Amino acid sequence: MNHQQLMALLPFMVLATASIVIILLIAFRQGHTVIQVTGFLMMCLVIFTMWYVRDVLPQTIMPLLIVDGYGALFTGLIIFCVLVVGLFSYIYFEEREENPREYYILIFLSTLGAAILTISRHFISFFIGLELLSVSLYALIAYLRTRNNAVEAGVKYLLLAALTSAFLLFGMALIYMDAGSMDFSAIAQKLHTAEQSSPLFLLGFSLMMIAVGFKLALVPFHLWAADVYQGAPPPVASFIATVSKIGVFAVLLRFAQELHLQNNHSIMTIISVIAMFSMISGNILALRQQNIKRLLAYSSIAHFGYLLVAFLPGNSAGVEAAAFYLIAYAVTILIAFGVIILLSAKDKDAERLSLYRGLFWEKPFVAIVLAVALLSLAGIPLTAGFIGKFYVLMAGVQQQAWLPVIVLVVTSVIGLYYYLRIISTLFADVSVAIQKEKRLHPFFYAASYAALVVLVLLLLGFGVMPAIIIPGIKQFLLIGN
Amino acid sequence: MNISQILFGILTVLALVSALGVVVSKNPVYSVLCLIVTFFAISGHYILLNAQFLAIVNIIVYAGAIMVLFLFVIMLMNLNAEVEPQKSKILKFAGFIAGLCLFLVIVAALKNADEKTQTQATQLAGGDIGLIKNLGRALFNDYVLPFEISSVLFLSAMVGAVVIGKKE
């Protein structure tokens with residue numbers, strides 16, 4: 001490994017160091033605030049090193065990793081999400097007064113797993129990254145184990161994730177048997193020379209899709225999503241909804257790009273069927289939901305269904321659409337969970353929809369922020385969600401994937417119903433005040449509110465002027481292509 | 001038919017029969033014993049593939065450590081045939097059908113695999129990659145990065161276990 005390759009890996013090393021630093025701080029009995037601030041600074045340092053090493057990209061570290069613009073874009077997005085999740089975690093855990101310090105170790109280790117996924121070009125790094133991501137998540141989901149659902153959710157996730165990992169390994173083994181290599185580009189070459197796709201490869205990829213579909217909560221592998229979102233602490237749920245899904249989607253997209261899967265008719269059929277089922281079931285299951293965490297879980301199932309439509313074309317327009325959509329989705333879902341965290345009482349999360357009744361008259365700022373986030377999830381113009389959906393539709397139409405596109409439009413309309421239902425609840429006139437005493441230092445509330453404002457501004461900014469970010473995405477994706 | 005093919009046949013039959021025994025047997029202790037036999041049969045396969053290190057590690061870790069854990073859990077929970085929870089008939093039937101479907105698909109996919117691997121040569125470069133010397137060389141040259149990342153993986157598992165298991 002030469003100097004430049006080490007340089008390219010610097011952000012990931014800093015990320016790995018962050019968790020060690022936190023362990024040392026705990027060993028020296030530092031308080032929650034010190035750990036939180038150090039973690040925040042370490043994440044800023046990761047972003048700084050990413051900027052610092054931008055000139056040496058792209059670097060291929062044979063045989064496992066490739067640090068290119070694509071990886072940098074998704075790693076950056078992941079780190080951004082962790083920054084925000086960390087900020088929200090502080091007030092959530094500080095209020096509960098349960099020892100929250102090990103939480104940050106696990107968060108950073110899990111982030112490292114997701115970041116490795118975005119730069120992997122080999123089955124081994126794919127698998128290790130995925131395991132690193134999920135092993136930390138098992139403990140994170142069950143972190144507040146004294147609460148009713150936490151351990152149940154953790155065990156559910158553990159069992160299903162372990163089962164799907166077995167499927168992933170078996171799928172990889174079958175592809176290895178077929179192609180004789182675990183390197184994405186070597187597999188691509190092998191597929192290129194073979195005149196027709198072999199049933200072995202097809203079976204292997206389908207088995208791998210089980211694991212990937214589980215992580216992305218795609219139908220029919222979505223059964224865990226609602227329970228885990230409900231049982232996990234809201235910061236962890238937002239972590240699962242953003243970081244874990246971005247990482248897994250990034251590696252799936254890279255795999256598909258390298259192998260030119262869009263030329264393989266049967267695989268595209270499988271993916272479009274999964275996409276359509278996810279869009280339909282996700283939206284329909286959310287319709288009657290009274291628990292906002294479960295509702296967000298179902299809505300994220302539907303959103304990853306939409307995202308798979310952008311996955312279908314397999315050209316650069318599709319990748320751009322997917323990247324933009326993921327950014328918009330991550331910002332939006334972070335806002336929604338941020339509001340839930342802000343409103344959560346000491347021993348009960350604000351998850352019943354009835355709690356939000358007339359929130360606008362009680363706390364206008366929070367209600368408006370939540371309303372904007374929901375409008376963006378629904379894909380209303382002037383928000384980033386609309387532009388994202390528009391790009392995804394455009395990518396689908398260019399590929400003339402008519403059936404998924406029609407399903408996307410129809411289910412978006414169905415989805416509008418339940419997003420608007422929450423918004424109308426927010427503005428209903430009967431007010432049930434959310435009792436919440438402020439005990440923490442106001443600075444941390446101010447920081448959280450400031451984070452929410454920044455996120456909302458980003459959301460509206462991307463929605464009104466997508467031109468401020470699209471060229472950036474394109475530029476990033478060009479590095480290394 | 002040479003000797004290694006005969007050995008392969010014996011080990012395969014042994015592994016399959018004992019694996020079935022794990023699932024079928026009513027008594028959890030018999031299941032565990034069958035599982036140990038399965039692990040030994042699979043270790044035999046590794047030795048046939050000239051992967052001695054893997055075979056030894058498989059026996060030490062699985063047949064040694066993990067089996068002891070299994071036995072402890074069975075002992076502590078006092079499991080036996082009477083207290084085994086009974087699943088409904090429909091669930092069993094559905095599971096059976098689903099398993100058969102997967103089996104069918106895998107058989108169909110593997111049907112032509114043999115001739116394919118003969119022609120496409122999915123074969124290891126040399127027969128001695130599984131020897132501990134070569135394994136160590138590969139692990140600390142080409143695969144040093146994933147090796148380090150796996151150590152981080154164990155760190156996260158350890159922290160997770162401590163967090164979940166510690167006292168209030």
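Is E152(A) buried, partly exposed or exposed? Here are my notes on this predicted model.

1. E152(A) turns out to be partly exposed, because its relative accessible area is 39%, which falls between the 20% and 50% cut-offs. Its salt-bridge partner is K156(A), with the closest N and O atoms 2.9 Å apart. Both sit in helix α6 of chain A, four residues apart, or about one turn of the helix.

2. K156(A) is partly exposed too, at 28%. It also forms a salt bridge with D227(A), where the closest N and O atoms are 2.7 Å apart. That pair links distant parts of the chain, since D227(A) is in helix α9, 71 residues away from K156(A) in helix α6. Through shared partners, E152(A), K156(A), D227(A) and R294(A) end up in one network of salt bridges.

3. Now look at R254(A) and D68(A), which meet in a salt bridge at 3.1 Å, N to O. R254(A) belongs to helix α10 and D68(A) to the loop between β2 and α3, so the pair ties together parts 186 residues apart in sequence. Both residues are buried.

4. Next, helix α7 of chain A: F184(A), I187(A) and A188(A) are buried. They lie on the same side of α7(A) because they cover an arc of only 105 degrees around the axis. Turned away from that buried side is a face with the exposed residues Q189(A) and T193(A). The buried ones pack against α5, α6, α8 and α10 of chain A.

5. Finally, check out the second largest pocket, with a volume of about 550 Å³. Its lining has 18 nonpolar residues, five polar and one charged. Helix α3(A) gives the largest share, seven residues.

Conventions:
Residues are numbered from 1 along each chain as its sequence is written. Chains are lettered from A and ligands numbered from 1 in the order in which they are written. This is a predicted model: local features need pLDDT of at least 70, side-chain atom pairs count only at pLDDT 80 or more; totals for chains, interfaces and linings use all residues. Side-chain values use heavy atoms; hydrogens and water are left out. Buried means under 20% relative accessible area, exposed over 50%, partly exposed in between (1.4 Å probe, protein chains only). Helices (H or I, at least four residues) and strands (E, at least two) are DSSP runs, numbered from the N terminus. The arc is that of the directions from the helix axis to the C-beta atoms. Contact means heavy atoms within 4.5 Å. On a 1 Å grid over the protein atoms alone, a cavity is a set of points where a 1.4 Å probe fits but cannot get out, and a pocket is an open set with protein on both sides within 12 Å along at least five of seven lines; lining residues have an atom within 4 Å of a point. Grid points are joined across faces, edges and corners, and a volume is the space filled by probe spheres set on the points. Ala, Val, Leu, Ile, Met, Phe, Trp, Tyr, Cys and Pro count as nonpolar, Asp, Glu, Lys and Arg as charged, and the others, Gly among them, as polar. A salt bridge is a side-chain nitrogen of Lys or Arg within 4 Å of a carboxyl oxygen of Asp or Glu.
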